[in-house]
Amino acid sequence: DDIHYLYYFANFYYLAKEYDLCVTYINKALEVSKKASTLDKYLTDTYLLELYLMLLSIYMFQSKFQNIFDARYDLKERKIIHPIIFLHLGISSFKLNMFDFALEYLQLGLDIISDPNYSTLIKINNNVKCKFEYYIALSKLQLKEELEKRPEQILFDYLSQNSEDFEIRNLLANLYLLNRQYKNTFTLLKIEDSDKDGILTIAKGALSSNEDYT
């Protein structure tokens with residue numbers, strides 16, 4: 001019942017991709033943290049953030065969007081604030097067709113990473129802002145709100161400056177496929193129309209994607 005050791009067990013299993021065991025230790029650590037009034041608050045809060053980041057990442061990987069959405073109550077009660085947390089909440093809300101929630105969470109996260117007072121303190125991948133803007137645009141489309149930029153244009157503009165970013169390239173390729181823009185998909189992934197093996201690779205890649213973006 002020591003959050004320190006439970007956290008490291010969870011972290012080891014996360015790195016080993018043994019996600020069921022990881023979730024078991026995360027949940028045990030979260031339970032222990034509720035009773036850990038004698039622990040140093042800063043240390044406990046640091047572990048809590050990392051535990052929730054791992055947990056929501058696993059749920060996203062497993063497409064358990066309802067689990068992520070349901071976690072919002074605990075996150076609010078424990079005052080867990082981080083842009084990646086809001087990104088997970090936003091994407092899961094979008095996948096559950098709750099576009100108002102998606103827009104709210106995504107905008108909260110985007111505001112954090114756009115604020116210079118926060119952005120220097122939080123290490124995030126350089127494609128995170130692009131993901132926020134992309135899902136905000138998708139949510140606004142569903143809500144029939146005015147767009148500053150189309151979703152595909154957001155991804156295309158980002159790739160023009162970061163051509164090797166696989167995640168964003170995969171998002172754009174899947175969006176093209178979803179919209180039946182096959183020529184654009186083949187051009188983006190440098191695949192000839194006649195390359196049947198390449199087309200099969202696209203299909204398998206979309207189906208086995210770690211995050212079910214489509």
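Here is the overall picture, followed by a closer look at one helix.

Before we start: this is a predicted model, where local features need pLDDT of at least 70, side-chain atom pairs count only at pLDDT 80 or more, and totals for chains, interfaces and linings use all residues. Residues are numbered from 1 along each chain as its sequence is written, and side-chain values use heavy atoms, with hydrogens and water left out.

The protein chain has 13 helices and zero strands, counting DSSP runs of H or I with at least four residues as helices and runs of E with at least two as strands, numbered from the N terminus. Of its 214 residues, 43% are buried (under 20% relative accessible area, with a 1.4 Å probe and protein chains only).

Now zoom in on α11, residues 166-178. After the helix comes R180, with a positive phi near 60°. Buried residues in α11 include the run from I168 through Y176.

So who's the neighbour? The axes of α9 (residues 128-142) and α11 come within 11 Å and cross at roughly 20° (axes are lines fitted to C-alpha atoms, for helices over the stretch in contact, with angles from 0 to 180 degrees between N-to-C directions). That makes the two helices roughly parallel, the word for angles under 35 degrees. C130, K131, Y134 and Y135 of α9 meet E167, I168, L171 and L175 of α11, with contact meaning heavy atoms within 4.5 Å.

Note on methods:
The expected span of a helix is 1.5 Å times one less than its number of residues. Buried means under 20% relative accessible area, exposed over 50%, partly exposed in between (1.4 Å probe, protein chains only). Angles under 35 degrees count as roughly parallel, over 145 as roughly antiparallel, 65 to 115 as roughly perpendicular and the rest as oblique.
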